Amino acid sequence: MRTQVGIVGAGPAGLLLAHLLGRDGIGSVVVERRSREHLERRVRAGVLEQGTTDLLDTAGVGERMRREGMVHHGIELRFGGDGHRIDFAALTGGYGITVYGQQEVVKDLLAAREAAGALPLFECEDVEPAGLDGDRPAIHFIHAGERHELQCEIVAGCDGSHGVCLPSAPNGALVAYEREYPFAWLGILAEVAPSTEELIYARHERGFALHSMRSPVLSRFYLQCERDADPGDWTDERIWDELRTRLALDLASGPIVEKGVTPMRSFVVEPMQSGRLFLAGDAAHIVPPTGAKGLNLAVADVRVLAAALRDHFATGDDAGLRAYSDTCLRRVWRAEHFSWWMTSMLHRFPDGAGFEEKLQRSQLEYVVGSEAAATTLAENYVGLGTA
Ligand code: FAD
Ligand code: DHB
C-alpha cells in the first residue's frame with residue numbers, strides 16, 4: 001500500500017487532517033485500532049471555540065453542528081454559595097463558544113470520509129511506524145488478519161495520549177514536560193434537561209463540580225474525585241447528592257447513561273516533529289480538561305499541519321513544515337497555562353487547606369470583581385488568548 005500521508009489515529013485530529021488533505025487532493029490513509037461504533041460512542045469533550053467551529057464550517061462538515069450545537073456567550077463561576085457570570089460577549093467583542101459533543105464532531109467527520117469513499121481502516125492491530133528518520137517512512141499493521149506495510153512520505157501521529165507514534169520517535173530527539181494532578185474527574189451523562197442555560201464551574205469545599213450539557217434533554221456533569229476512583233463506587237444517588245451540594249443548585253435528576261473517570265495531566269513534547277513524523281493533538285500535548293482546550297488544540301494543530309502539507313505537496317515549499325512545531329507550541333503553551341490556572345483555581349487540593357485555599361478564594365473574587373481579570377479568563381476560554 002502507498003499513500004502520501006499515513007495517519008495513525010481516527011480521533012478528531014486524524015479525521016480532520018484526512019478530510020482537509022482530501023479537499024486539497026492529497027492522498028492519505030488513516031489507521032485506527034478501534035471500531036467505528038466505539039469512536040462514535042466515545043463521550044469526551046463538548047466545548048468548541050469559534051476558531052474550531054469556523055474551521056469545521058469552511059471544511060464543509062459544520063452543517064449539523066450549526067443546527068444542533070448550542071452557542072453560549074458566557075459561563076458561571078460559583079463559589080461560596082453564589083454564582084457570578086463571566087460575560088464572554090461583552091468582554092471579548094462578541095465572541096462565544098459552541099457546546100457540541102466531540103463524538104458528534106467525529107460522526108460528522110466519519111460521514112464526510114465515507115462520502116469521499118475513504119473511511120479509515122478500523123480495528124487495526126500491532127500498528128507500528130517505521131523508518132521515521134529516513135526518507136521512506138512506513139506504517140506496519142495487521143488489518144482483517146493480514147499484515148500490511150503502508151508506505152508514505154509523511155507520518156502524522158494523531159494517536160492520542162497512549163499512542164505508538166511518540167514512543168517511535170528517534171531516541172532522545174524529543175523532550176517531555178509533565179505535571180500530574182492529585183485528583184481526577186468523574187464524567188457523567190444523564191438523560192435530563194439541563195438545570196442551567198450556561199455552563200457552571202463550581203469550587204466547593206468538597207471539590208470541583210461542572211454542569212454542562214449536550215442537548216435540551218441531555219446533561220453532562222463532572223465531579224472532582226480521587227485519582228484511583230472506581231466509577232462503581234459512585235452510585236446514582238451519591239452522584240446526584242454530590243452534584244446538588246457542590247453546585248448549590250436545585251438540580252433535576254434523570255437516568256445516568258454513562259460514567260467514567262478521567263485522570264488529570266499536563267503534558268507537552270517538544271518539538272512536535274521528528275524526521276518524517278509530525279505529531280498532532282493529544283499525541284503531542286495533554287491539558288487538564290478544566291479549560292475545555294484539548295479538542296480545540298487538536299483542531300488548531302491540524303489546521304497548521306494541513307496548510308504546511310499543502311505547500312509541501314503543491315510546490316515543494318517546506319517552510320510551513322519546518323515552522324510547524326514552533327507555530328503550534330505557542331498556542332499549546334498558552335492553553336497549558338490557562339488549563340493549569342483554571343484547574344488550580346477551582347479544585348480542592350488534598351494538602352491545600354489553609355494558605356492555598358485562601359489564595360484560591362482571593363483569585364476567584366478578583367476574577368469576578370475585576371474586568372481586567374475577567375477578560376483574561378474570557379479571551380482564553382473563547383480562544384482569542386491562544387491565537
Ligand atoms: P484522540 O481523540 O485520543 O484520538 C486518538 C485516536 O488514535 C483514537 O481513536 C485511538 O483509538 C487511536 N489510537 C491510539 N493508539 C493507536 C494505535 N496504536 N494504533 C492506531 N490507532 C490508535 N477534553 C476536554 O476539553 N474536555 C473534556 O471533558 C475531555 N474529556 C476527556 C475524557 C477522556 C476519557 C479523554 C481520554 C480525553 C478527554 N478530553 C477532554 C480531551 C479531548 O477529548 C482530547 O483532547 C481529544 O480527543 C484530542 O483528539 P485527538 O484526535 O488528538 O486524540
Ligand atoms: C465540557 C468539558 C470540559 O472539559 C469543560 O471544561 C467544559 C465542558 C463538556 O464535556 O461539556
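User: Is Cys-165 buried or exposed?
Analyst: In this predicted model, the relative accessible area of Cys-165 is 0%. The cut-off for a buried residue is under 20%. Cys-165 is therefore buried.

User: Which cysteine sulfur is nearest to that of Cys-165?
Analyst: Cys-165 takes part in no disulfide. A disulfide would need two cysteine sulfur atoms within 2.5 Å. Here the nearest cysteine sulfur is 7.8 Å away, and it belongs to Cys-158.

User: What is the relative accessible area of Cys-152, and is Cys-152 buried or exposed?
Analyst: Buried residues have under 20% relative accessible area. Cys-152 falls in that class, so the label is buried, with a value of 3%.

User: How many disulfides are there?
Analyst: The test is a pair of cysteine sulfur atoms within 2.5 Å. The count is zero. Cys-152 illustrates this: the nearest cysteine sulfur, that of Cys-165, lies 9.9 Å away. The number of disulfides is zero.

User: Which element gives the most to the lining of the second largest pocket?
Analyst: Strand S12 (175–190), strand S15 (218–225) and helix H8 (236–247) each supply at least two lining residues. One of them supplies three residues, the most of any: H8.

User: Which residues lie nearest the centre of the second largest pocket?
Analyst: This pocket holds about 320 Å³ of space. Its lining has 15 residues. Those nearest the centre are Gln-224, Cys-225, Glu-226, Arg-246 and Arg-348.

User: How many charged residues are in the lining of the second largest pocket?
Analyst: Asp, Glu, Lys and Arg count as charged. The lining also has six nonpolar residues and one polar residue. The charged residues number eight.

Terms used:
Residues are numbered from 1 along each chain as its sequence is written. Chains are lettered from A and ligands numbered from 1 in the order in which they are written. This is a predicted model: local features need pLDDT of at least 70, side-chain atom pairs count only at pLDDT 80 or more; totals for chains, interfaces and linings use all residues. Side-chain values use heavy atoms; hydrogens and water are left out. Buried means under 20% relative accessible area, exposed over 50%, partly exposed in between (1.4 Å probe, protein chains only). On a 1 Å grid over the protein atoms alone, a cavity is a set of points where a 1.4 Å probe fits but cannot get out, and a pocket is an open set with protein on both sides within 12 Å along at least five of seven lines; lining residues have an atom within 4 Å of a point. Grid points are joined across faces, edges and corners, and a volume is the space filled by probe spheres set on the points. Helices (H or I, at least four residues) and strands (E, at least two) are DSSP runs, numbered from the N terminus.
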